Amino acid sequence: MGRLSKEILESKTIDSKEIFTEVAYLIGITHDFGKATTYFQNWLENEKRTQYAQHGFISSLVGYLVVKNFLLGIQKLDEFWYLPGITWIVISKHHGNLKDILNEEAVKLRDPDELEIVKEQLKDIFSNNLTEVEEIYRSLGCSDISKTLNEIKNLKNLTQQIRKDIKKICKNGFKDNDLKYYFLILFLYSILLDADKLDASGRKNLPKRENIPSNIVDEYKRKKFGKPKTEVDAIREKAYNEVIAKVDDINTTHERILSINLPTGCGKTLTGLSFALKLRERIKESLGFTPRIIYSLPFLSIIDQNAKTIEDILRLKYKKHEEIPSTLFLIHHHLADIEYKEVKDGELNIEELNRSILLTEGWHSEIVITTFVQLFHSLITNKNRAARKFHNIANSILILDEIQSIPHKYWLLINKVLKHLASNFNCWIILMTATKPLIFKNGEIKELVTDTEKYFNAFDRVVFNFDLDVKRFDEFKHEILNNVLHEDKDILIVLNTINSCKELYGFIKDELTTFYGIDKKDIKIDEDGVANFPDLELINLSTHILPSYRLRRINRIKDRKKKKRKIIVTTQLVEAGVDISSDIVYRDFAPLDCIIQTAGRCNRNNEKDKGRVKVIVLRDERQKFYKYIYDSTLINATEDVIKKFGKTIEEKDFVLTSVKKYYEIVVERGSDDSSKDLLTSINKLDFSKVVEFDLIQEKLPTISLFVEIDDLAERIRKKMEEILESKKGFEQKLEILGIRKEINNYTIQVRYSEKIEDAILNLNPIDGLEYYKCIKKSELDKYYKIDSGLNLGEGSLKFVML
């Protein structure tokens, strides 16, 4: 443990690295000291557990003193006075989640029962195991363990000193508004957790670091696209070259918050990745270490698309293997496959399942693609499992794609956290968006595109039409039907609620059967769940449709070889980053950044006549749909901005100017109280309050529904139930994780209101899995339709980004 902890820290570049490396080693060799008691050994051998078998508290006392004595020995205690206290915190909580350090954790330092247990444990070690313990620790370079144990005998003074140190750490962090202590705890905590888990799994070394040619994206672009063929291609190439040219101008020490602000469809994915790889090479040459690249996005629908692009790029390096090694590229989110692939002796091997989980969740890879939830909930967390990857976020280049998805209430928090990572953990942050929020002030961020206006003016693909007169949904349905029947174009309709999305889809489908003279039972719904009519395909998308079917439909929309026009009825699922294009887009009213991102799905490549983006305000019998899901501050800001531009305006005259005005209003009217409260909790190390940070802002209860849509799903469900019945504990968890990808392909996450609670809870349970229900094959007609998804007869539901 000491060696592995030391190896992790030696692989990092941080200030005072030698000191922290030794402290990580000392934490590693002392974190389980309490297992030296005969009480713990008897528990292992005879399964006889008493209160004296617990080991965390006494180990934390030993760790505190060993680190303190080390710092005294090198005359550094005055400078690093906080490290013994942080050691105590890290060791005492390495088997659980962090809590309020001062008011919950430090209380045990005064708990008479805890102190009596330590006294008995010390007595036991001195009576039975002292010689062996001294030998063990002498071999580990710690020759004065007896002195340390004798110091613990003065338990009252020791615990008072630790409490004093803890109080000072919390007080200083709070008084100075300093994130330093929070992130040092997270850093050393994550190293201990990762080393501990890997060691317990039998993994005794870290995966080998990989080299990635910095020009690999250039090579990919040449082979896949060749020279620019269209005007849009030429604009993308110009933007790409301008950003890449900035690599040599970056001051790698002081310029660490960077921005790529370009219109939708301008090729930010390739541009951002290529820049990051070249920046990585510069950092290696100038600062002597190679940062990982963490590519983070808000939505799963974009991750699959971008992950495939990255895999295609990396195949230029790994041509001999069918799959890309996980040491090179890793996909991590709650639906991702758990297989860690590593090249050993020239062959691609898959690690056994437990180690695959640990290495994947620990982000041991050169390039990681993940969600905002995974990333930010590992930076702002009290959770053992989430924090474990933090040390691999240190020394990284973070690409934050579609950064506008971060709620305004967290802008201040994200600003402070990212600046701290950049300054103290050698991170570089690249923000990418077409609608850049004001998370950072001008002096805090370096623009990689000097003249953004030039690019936004060059993209004039659509005309916006704003109709802010409120429209009843029934009226809108007939308007859309009329356009479907009389416009020979692809149409994309983006709605704010799942229920309205399903209702419009069902209405159009029914009306088209009448129009074409088709009997309802004869409508051809193909294997992707797409409704086929003589001259068009009708496609429905929402989170109530199984993930694998959603992906297939998005790929179907992107397939330009298909000659039939497409009518797509969807929620915000395709709003940002998804590379699809339609001639006409209807968008139910939403915050301005959402409207502009949706417009990026209209005439994306400027291949046809100018596209039309029609923004309407829809309502049901209760209220406007946007009120179900969006913050009124954002909506009001959007209304105020749009009124300044009039009803009809071209893209080049609208996007850049309107976004700037919009975010200025949001900053002026919005509240950053949530950020301030969280920063206060972080600074005073109240980890119990840190859990209030939540990027998934929907507060309705959630249930997972497994849908037996085919024979394979039925076999997976039976396999799942067999595991749950025959296996217990960790073995059960491991085997379920082994088929997680298959399970998730047939699972939808549903947030439900009181209206449908009974219908949800009356579905078949999967015994052994809480909050999991099953729709069996025999119930599909009643509860699930292949084209429109979950069918519980629910009322209007909020759409939730998952």
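This is a predicted model: local features need pLDDT of at least 70, side-chain atom pairs count only at pLDDT 80 or more; totals for chains, interfaces and linings use all residues.
1. Helix α7 (residues 112-139) and helix α8 (residues 145-153) cross at roughly 170 degrees, and their axes come within 10 Å. Since angles over 145 degrees count as roughly antiparallel, α7 is therefore roughly antiparallel to α8.

2. On the α7 side, the contact involves Val 118, Leu 122, Ile 125, Phe 126, Leu 130, Val 133, Glu 134 and Tyr 137. Their counterparts in α8 are Ile 145, Ser 146, Leu 149, Asn 150, Ile 152 and Lys 153. Sorted by class, this contact has 10 nonpolar, 2 polar and 2 charged residues.

3. Helix α12 (residues 231-245) packs with helix α13 (residues 268-287) at an angle of about 20 degrees, and the axes lie 9 Å apart. The two helices, α12 and α13, are therefore roughly parallel to each other. The crossing of α12 past α13 is right-handed.

4. In this second pair, α12 contributes Tyr 240, Val 243 and Ile 244, which meet Leu 270, Thr 271, Ser 274, Phe 275 and Lys 278 of α13. The contact of α12 with α13 comprises 5 nonpolar, 2 polar and 1 charged residues.

5. Helix α23 (residues 547-558) has 12 residues and, at 1.5 Å a residue, should span 16 Å; the end C-alpha atoms are 17 Å apart, which agrees.

6. The buried residues of α23 are Pro 547, Tyr 549, Arg 550, Arg 553, Ile 554, Arg 556 and Ile 557. Their cover includes the helices α14 (300-314) and α31 (740-745). Also among the covering elements are the strands β13 (531-533), β14 (536-541), β15 (565-570) and β20 (747-751).

How values were computed: Residues are numbered from 1 along each chain as its sequence is written. Side-chain values use heavy atoms; hydrogens and water are left out. Axes are lines fitted to C-alpha atoms, for helices over the stretch in contact, and angles run from 0 to 180 degrees between N-to-C directions. Helices (H or I, at least four residues) and strands (E, at least two) are DSSP runs, numbered from the N terminus. Angles under 35 degrees count as roughly parallel, over 145 as roughly antiparallel, 65 to 115 as roughly perpendicular and the rest as oblique. A crossing is left-handed if the near helix is turned anticlockwise from the far one by less than a right angle, and right-handed if clockwise. Contact means heavy atoms within 4.5 Å. Ala, Val, Leu, Ile, Met, Phe, Trp, Tyr, Cys and Pro count as nonpolar, Asp, Glu, Lys and Arg as charged, and the others, Gly among them, as polar. The expected span of a helix is 1.5 Å times one less than its number of residues. Buried means under 20% relative accessible area, exposed over 50%, partly exposed in between (1.4 Å probe, protein chains only).
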